[in-house]
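The following questions and answers examine selected elements of secondary structure and the way they are arranged. Please consult the sequence and the structure shown here while reading.

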2 protein chains.
Amino acid sequence: MPEAAGIVTGEAVGVNRYFGSLLKVDKMHDPRSHFEDAIADPAVFLDTPEELSRYGRDWTGRFQGETPLVLRPNSTEQVQALLAVCHRKGIAVVPQGGNTGLVGGSVPRNGEVVLSLSRLNAIEGFDEPSASVTVQAGTVLETLQEFLAGKGQMFPVDLGARGSCQIGGMIATNAGGIKVLRYGHMREQVLGLEVVLADGTVLSNLNRLRKNNTGLDLKQLFIGSEGILGVITRAVLRCQPAPAQRQTALLGLERVDMLPAVLMRLRAALAELSSLEFFLKGALELVCARFDDARDPFAQPHAAYVLVECESGEPASVRFHEVLAEALEDGAAADAVVAQSGAQAEALWFLREGITEAISKTGLTHKFDVTVPPGALPLFMEGIRDLAARFEGVRPVFYGHLGDGNLHLNMVQGASLADAAFRALEEEITEPVYALVVDFEGSISAEHGIGVLKRKYLGYSRTPDEIATMRAIKALLDPRGILNPGAVLEP
Amino acid sequence: MPEAAGIVTGEAVGVNRYFGSLLKVDKMHDPRSHFEDAIADPAVFLDTPEELSRYGRDWTGRFQGETPLVLRPNSTEQVQALLAVCHRKGIAVVPQGGNTGLVGGSVPRNGEVVLSLSRLNAIEGFDEPSASVTVQAGTVLETLQEFLAGKGQMFPVDLGARGSCQIGGMIATNAGGIKVLRYGHMREQVLGLEVVLADGTVLSNLNRLRKNNTGLDLKQLFIGSEGILGVITRAVLRCQPAPAQRQTALLGLERVDMLPAVLMRLRAALAELSSLEFFLKGALELVCARFDDARDPFAQPHAAYVLVECESGEPASVRFHEVLAEALEDGAAADAVVAQSGAQAEALWFLREGITEAISKTGLTHKFDVTVPPGALPLFMEGIRDLAARFEGVRPVFYGHLGDGNLHLNMVQGASLADAAFRALEEEITEPVYALVVDFEGSISAEHGIGVLKRKYLGYSRTPDEIATMRAIKALLDPRGILNPGAVLEP
């Protein structure tokens, strides 16, 4: 568990405000008994200590809690029946998809029942003319990607956890990833959605149409709601023609403050730009130091690096090379390498994607997933450097998605600082980082969401009136507060 | 008013269910007096008979109603102060932007006060690195387009009413238009939004960031809400690099059932496809018959026509010609013309954009704006032909946006049918059309919204549980029901 800066258990998170009035299932003699009238299928229930422990913690090991029972429905009807029982009896529920989140939003905290969507995982239909695919919530991203590849299509949201993360969870957290710049988040891919509300009401609108302005677009409420308003059971997603080719290059920049200009010129010049990632010198050094097969492709170090990729349905164009050549000519970039093969492209991507693991191999870290307007990124990073300098034995590592100003900032433990002392700095570091984010009109959560980890900082990004409105909507749709209590909104 | 199939006044629409408890401002001695404590600026109030009449009807002349007073705030603070008074006193309000809608959603029906956003029309800021522009709600689309053109950028939602329609209204109705295929609706362009709720609470989140997952994304609720949940006052919108070139062509197809295959192949082959419009033989004949300068570019008539346009930031590519040549070679299209100049492109576009006016010159019409999955479009149109054949003196004209299955169906009055007799057919035609839409899993409103015109048909596209949820959200955010009463949801 090298990623974790501390273990958060149910106790540490605090007791949920609804919990007093909710039934403590874990104290009952037989937790299954609550549901057996509603569901006959024994495959729905898991309650061995091993299973309860597996579903009760997240993959980083940072978040873990007790659960008396795991529910694994395999149909919308079962989800509906189970939630109706929970609503009637006041049993708190944590919906769980692939459990790959980073903010503790999908693990039990106070003895909640876990509702796993893993068995609800069929791909139900593909409609080529409308470029849409209908899937159940538990479908794993990689399974969908492979299914669509067989149809000459692709699903344009992609991220590292592709082998585990599930479509329902990705919608519930409005997942982003490395191609948001071109294709948008999960929100932009969702054409239709089926959701079960806390009381078992099914809101089903498995719309395959791109244009459908018929009253309030209710599905938007549930996208990014992190399981506090309803449980997503099925979705209709847009897909895209599979690209015939990718062109990938890495640029070296003389100065960090040249990043916004590079963003603007590449966005304007390359209509098929699909990824624009960046990392600073320290991040590249770390990857090269931690992985034997990572290699800096340049003869000299640069202050900042930009990974450029175009995805195209058309045969190779010379445009990509021309645009990069121009950037070198007029000094926008100091150096550039263009991948000549898929293997070379992968090697360049590894310099960016290996950073997280390189950091893990280095020490503990306080991780931040923030956005600032891309034009402000250089000044913001300068501010973070100044801030980090106030903490002995803490080193900032900078990388992220240049295209949308999304910085995956890591404050990494130095050799001089003991684990406990480093962990103890969490709040002391977090508060000024978020204060700086606010100064730069940024967001304290770019794509990871709020979950449990960031809920007390929500006010840094949203006004009291906005938070009050969120609470009112939560109370409207889940009046007993049974759905993912304590996530997003403070109890 | 040749477009109108009938005049709908306040009486015809019915009395709003909230209205009993709302204050009838028109019966008061001086309507301004309610607001003068809150707002000193006399420019905010209009109440001459001429002005009241102008704001009280829509541009088609179909929808009109009485209003005692027009409010024209020029700041968020004024909107806030005015709504706070309305909420406290129970005064019903119809928010009004450019008033270019087609479903009667922006005109008073029962003596409501009109809240015009026209004076709140400043462009507040442009941020090139984040490719965003901040505007007030009353900004006219064309004004924004011209502003951005001066910055080498463009706003990717475009539609015929560009000279009058306002950004706030476009967001409130989630406007679409001719480039949805590539760039999406208004929803996809909105990064940040400021909304004043019924009671004067301001929900302000003028976010410029593409990635911002911090709790419920409240702005989504107001996009497409047609003024029933809040009044949009400001927005941050995404913009795009201005395209360096456009390539435009018209294809002739042998049979209507070849449309979906053309859609699939062009979408896959042309990454920069920005418009894919279609019309059938009858529509082209009508345009050529009604306009002297409209010219069918083909030697022979075809069953269906597809207008293809690519917008590109890159210099002219030969790809466009190659793809069309392939389509001709293998018989996907029977004939094709490619515009060799801007004037030729305009002439081709006129064949598509002139259809609405050509219909107006022909007779009265019952207009439908529906979507079906694009693969089902040919069969659906066949069904509509069969249906129309049951009505003597009614002729269907087919055209729309092939890329998203959006059909602007017109049931046009024939010479044999008197105006009154034609108008009387409205319901008799509408119900089977919508029933057929439902059979084909389509939507009864693609992009025009529900307004007053379609509210009684909402149940064709949304379930009772969905409509109940919409009502609950309406009641939550506007408990006295003062905002656009009677729009979207039946009183």
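**Helix pairing and strand arrangement**

Helices α13(A) and α15(A) are roughly antiparallel to each other. The model discussed here is a predicted one.

Q: At roughly what angle do the axes of helix α13 and helix α15 of chain A cross?
A: Helix α13 covers residues 377-389 of chain A and helix α15 covers residues 426-439, and their axes come within 11 Å. Angles over 145 degrees count as roughly antiparallel, and the two helices are therefore assigned to that class. The crossing is right-handed, and its angle is roughly 155°.

Q: How do the residues of the contact of α13(A) with α15(A) divide into nonpolar, polar and charged?
A: From α13(A), the residues A:F380, A:G383, A:I384 and A:L387 meet A:P432, A:V433, A:L436 and A:V437 in α15(A). Gly counts as polar. The division is seven nonpolar, one polar and no charged.

Q: Which residue of β12(B) is the bridge partner of B:V195?
A: Strand β12 of chain B spans residues 230-238, and β10(B) pairs with it in the antiparallel sense over seven bridges. Within this pairing, the partner of B:V195 is B:I232.

Q: Which residue in the turn between β10(B) and β11(B) has a positive phi?
A: Strand β11 (residues 202-205) runs antiparallel to β10(B), and four bridges join the two; one of the bridged pairs is B:V196 with B:V202. The strands form a hairpin with four residues between them. In the turn, a positive phi of about 95° belongs to B:G200.

Q: Which strands stand at the edges of the open sheet of four strands in chain B?
A: The order of this sheet is β2-β4-β6-β5, with mixed pairing. A strand with a single partner is left without a neighbour on one side, so the edges are formed by β2 (45-46) and β5 (93-96) of chain B.

Q: About what angle does the direction of helix α3 of chain B make with that of β6(B)?
A: In this sheet, β4 (residues 70-71) and β6 (residues 113-116) of chain B pair in the parallel sense over two bridges, and B:L71 has B:L115 as its bridge partner. Helix α3 (residues 76-89) of chain B packs on the sheet and touches β4, β5 and β6. The angle between the directions of α3(B) and β6(B) is about 165°.

How values were computed: Residues numbered from 1 in each chain as written. Chains lettered and ligands numbered in written order. Predicted model: local features only at pLDDT ≥ 70, side-chain atom pairs only at ≥ 80, totals over all residues. Heavy atoms only, no water. Pairing = 2+ DSSP bridges. Axes fitted to C-alpha atoms, helices over the stretch in contact; angles between N-to-C directions. Parallel < 35°, antiparallel > 145°, perpendicular 65-115°, else oblique. Left-handed = near helix turned anticlockwise from the far one by under 90°. Contact = heavy atoms within 4.5 Å.
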